[in-house]
Amino acid sequence: MDISPILKNYKKIVESIGKSSFTHVGDTIYIIVEPNKLRELAEILYWKMNCYHRTCVGVDERPLNGHFALYHIFGDDTNGLHIVVKVYIDPEDPVVPSITDIVPAADWCELEAYDLLGIKFSGRKLYRLVLPPTWPHGVYPLRKETPYNYRPSVKIISGEEIGESHDKAVVPVGPYHPALHEPEYFELYVEGERVVDVKYRGFHVHRGIEKLGESRTTYQQVNFLAERICGICGFEHSVCYALAVEKAAKIDVPERAQYIRSIVLEIERIHSHLLWIGVAAHVLGYDTGFMHIWRIRELVMYIAEKLTGSRKTYGINLIGGVRKDINEEKKKEVIEKLEIVEKDLKKLIDTMVSVPELKKRLTGTGILPKSEARKLSVVGPTARGSGLDRDIRRDLPYAAYSEISFKVPVYSEGDNLARFLVRVEEVFESISIVKQLLDQLPRGDIMAESIEIPERKMGVAAVEAPRGEDVHFIITGRGKPYRWKVRAPTYNNIPALKVMLRDQALADAPLTIASIDPCFSCTDRIVVIKDGRRYKLIPNKGGVVLYG
Amino acid sequence: MIEHIVVSIIVVLSIIFPTILDGVERKIKARIHSRIGPPILQSWYDIIKLFGKEQVMPRNSLHAVMLLILLTITQVFLIVYTSVSIIFQITQFDIVVIIALFIILQTIFISIPLTIPNTFSVLGGSREIALTLVNEALFIVIMGFFIYYTGITSFKQLTQLSPTVYLLILLLALFITGYVSSGRIPFDIAEAEPELASGLMIEFSGPILGVFLLTFHIRRFFVKFFPSILFLGLFIHTPISLIIAGFITTIILWIIYAVIAAILGRSRVDLAPITLLKIYLVLIALSIIGYYLKV
């Protein structure tokens with residue numbers, strides 16, 4: 001597709017705003033804008049140009065140019081473009097206009113920049129999102145002067161009161177939910193069995209992974225750190241990180257490696273969706289479906305082990321390529337196993353959709369209207385279940401996705417059934433994709449010959465993970481990233497739960513929460529590791545102490 | 001003499017065996033799930049382990065514990081009374097007494113969570129009430145029709161009965177009430193969604209939870225045993241044969257119910273009572289038509 005008229009249009013918009021600059025590299029447009037023009041530009045991009053908001057990134061650029069910077073990353077999926085809007089911020093008075101009233105999807109990332117870098121946003125309410133109440137004021141973890149191993153010693157200075165001053169009955173869900181097995185906390189305000197309001201508190205386990213990536217690890221090591229962001233779609237994060245660096249450093253990855261990445265990415269998607277379908281069946285009390293789906297999933301884990309050496313697709317991705325090749329024997333076995341998966345799954349899904357309770361409880365529950373989905377820039381099956389036809393694999397193809405054909409299932413109902421069906425169809429599509437890729441697997445190297453990463457280059461990459469798009473943003477540094485920002489899909493999808501849960505039956509709340517396939521560890525991104533041991537932070541009288 | 005021995009065995013088995021049957025159910029479900037499952041005696045192991053645990057009284061829930069003790073005693077009494085009255089008529093209104101006792105038991109059962117100051121318990125309790133209002137109310141209606149059609153109020157009188165279509169339809173409805181009362185999927189809405197509404201037992205632990213589980217298993221046994229006796233009474237007219245056949249039928253029913261529960265999903269509090277009401281009303285209407293047509 002010839003995108004020059006589109007680029008001209010964007011350039012015209014930027015020029016009309018005034019006092020701004022426009023550059024274009026590959027699939028990314030970079031715009032630098034004055035802070036007082038940011039809101040105007042955001043409105044044009046989000047509502048007139050129909051772009052989605054991927055995330056925003058605060059960066060401490062004082063060592064580079066004496067300023068803080070804020071990058072808003074928009075996505076023009078229709079034309080296959082990332083649009084990065086940069087604003088310089090005065091380091092003495094780091095204030096920038098908030099755009100959340102125009103772009104509701106920017107709510108959390110602004111708060112994260114406030115928490116981690118001390119960037120203030122005018123025109124909105126600011127509160128702590130990521131940092132715990134025990135964290136001292138005035139210490140910003142992502143500022144360059146804060147060491148990665150900084151440990152606060154403070155008294156508890158604030159505590160959020162929960163379940164107070166509300167005239168409705170409060171039903172707490174979390175901090176550990178038996179169906180989701182991750183730390184999250186929802187307060188559901190109910191009248192009878194109807195949910196009338198929802199409050200969410202997350203980030204219980206913020207891992208400071210970005211800081212670690214910027215401080216302790218080398219470029220290649222970050223691949224393995226990125227994998228640990230998620231226990232389900234770790235390979236997606238690793239690939240997304242590698243793509244961002246490869247884009248920034250203009251590294252050519254061999255075709256065969258691109259194919260292998262796509263194959264493993266799709267295996268991960270099949271695994272993740274099967275896991276979710278099983279969990280959904282369990283939440284609906286249909287444990288027979290749950291167990292059989294997980295029996296089928298076992299074969300997918302076997303395939304993952306064959307291809308990567310681990311049942312969890314860990315450890316094969318690097319910047320510049322992959323570490324493990326696929327030989328003829330593996331190819332044959334993968335295809336054989338996938339055929340069993342396809343056959344068994346078809347049979348099981350037919351049975352599942354004929355269970356009357358399942359159909360009744362999935363249909364018409366947890367509705368997310370298209371307009372709300374658009375407003376919040378939701379991603380993945382949550383978006384496609386609400387009629388948003390977006391899939392990064394097709395819209396901004398990466399790895400080997402441009403070489404194969406596949407359908408993107410889209411449903412307009414926006415209910416739990418729509419999200420269920422999107423995932424089911426995606427499993428079959430992924431099986432077809434893996435078969436096509438294995439069939440066309442080209443010969444050649446699996447690793448780039450030379451990898452040189454210059455400093456101060458920027459890269460944005462998005463990968464369509466099972467839950468939606470992962471976004472990784474990189475500014476290169478010396479031997480390691482200067483700034484590495486990760487945005488997991490759940491980050492954009494959780495705010496939609498408020499809409500989905502309101503005015504629904506309480507009994508459907510667990511299913512609706514599960515229907516976005518939330519990954520709280522992805523969203524939170526923590527584990528404090530010191531000397532190879534895992535620590536918890538517990539508050540005591542004198543402050544916060546490490547406890548092994 | 002033999003009657004006394006049989007009654008004693010049945011009474012003891014009615015208290016011990018339900019927990020073994022629960023183990024059988026877990027094994028059957030496991031097989032349907034294509035997994036091995038726990039040993040058949042696992043439910044007993046669980047209860048024995050719970051009895052060995054520390055006694056923790058739920059906070060502000062003394063009434064719940066007292067009601068639980070009352071529930072357990074009444075439940076055991078009910079199963080003993082039912083078994084004995086099948087062979088030795090205690091009163092001329094044994095069946096009516098059993099219905100009354102069962103309704104009292106259900107009332108205690110749904111009262112327990114409402115006395116616990118915990119959102120999840122209250123939610124579970126209110127869901128159980130919604131279901132009980134349909135199921136147990138219709139249980140009384142069905143039994144009312146049974147007594148009206150047959151004029152029978154004790155097991156001894158069952159010998160006068162012969163099978164008819166309208167009675168069989170009524171008994172089918174009675175078996176369904178038994179299934180619902182046993183709290184199985186799709187009607188386990190009080191216990192559904194573990195963290196949202198763990199229903200009746202959320203504040204119970206250790207020996208108290210053990211007692212609750214034991215009572216629950218006996219209750220599950222009773223809700224199958226009672227309709228089985230009424231059904232078999234149409235065909236078997238010897239009390240000893242009737243009680244033995246009733247016991248065996250209860251085991252078979254337990255297995256059938258386990259399979260049904262494994263192939264269905266969970267309903268919702270606004271769906272289940274309406275669905276049930278429709279089923280019961282259709283069955284009762286059919287039995288009325290059958291009664292007046294003398295079929």
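Is the crossing of α7(B) and α8(B) left-handed or right-handed? That was my opening question, and I found that α7(B) and α8(B) cross in a right-handed way. A reminder to myself before going on: this is a predicted model.

**Entry: α7 and α8 of chain B**

I looked up the two helices next. Helix α7 of chain B covers residues 206-232, and helix α8 of chain B covers residues 239-263. Their axes come within 8 Å and cross at roughly 130°. That angle makes α7(B) oblique to α8(B).

Then I listed who touches whom. From α7(B) I noted F221(B), K224(B), F225(B), S228(B), I229(B) and L232(B). On α8(B), the contact is made by L242(B), A245(B), G246(B), T249(B), T250(B), L253(B) and W254(B). Sorted by class, this contact of α7(B) with α8(B) has 8 nonpolar, 4 polar and 1 charged residues.

**Entry: α1 and α3 of chain B**

Helix α1 of chain B (residues 2-32) and helix α3 of chain B (residues 62-87) have axes that come within 10 Å, crossing at roughly 155°. An angle over 145 degrees counts as roughly antiparallel, so I wrote down α1(B) and α3(B) as roughly antiparallel to each other. The crossing of α1(B) with α3(B) is right-handed.

On α1(B), I found E3(B), V7(B), I10(B), V11(B), S14(B) and I15(B) in the contact. α3(B) brings V76(B), I79(B), V80(B), S83(B), V84(B) and I87(B). The classes for α1(B) with α3(B) are 9 nonpolar, 2 polar and 1 charged.

**Entry: where chain A meets chain B**

How many residues does the contact take from chain A and from chain B? I noted 25 from chain A and 23 from chain B. On the side of chain A that touches chain B, β8 (169-173), α9 (287-308), α11 (356-362) and α17 (509-515) each supply at least two residues.

**Entry: the domains of chain A**

Last, I checked the domain assignment of chain A, which gives domain 1 (4-122) and domain 2 (209-524). The centres of domain 1 and domain 2 of chain A are 27 Å apart, taken over C-alpha atoms. Their contact takes 21 residues from domain 1 and 19 residues from domain 2.

Which element gives the largest share of the side of domain 1 of chain A that touches domain 2 of chain A? I found β3(A), with 6 residues. The residues on that side of domain 1 divide into 10 nonpolar, 7 polar and 4 charged.

Key
Residues numbered from 1 in each chain as written. Chains lettered and ligands numbered in written order. Predicted model: local features only at pLDDT ≥ 70, side-chain atom pairs only at ≥ 80, totals over all residues. Axes fitted to C-alpha atoms, helices over the stretch in contact; angles between N-to-C directions. Helix = DSSP H or I, 4+ residues; strand = E, 2+ residues; numbered from the N terminus. Parallel < 35°, antiparallel > 145°, perpendicular 65-115°, else oblique. Left-handed = near helix turned anticlockwise from the far one by under 90°. Contact = placed C-beta atoms within 7 Å. Nonpolar A, V, L, I, M, F, W, Y, C, P; charged D, E, K, R; others polar. Domains from an automatic or database assignment.
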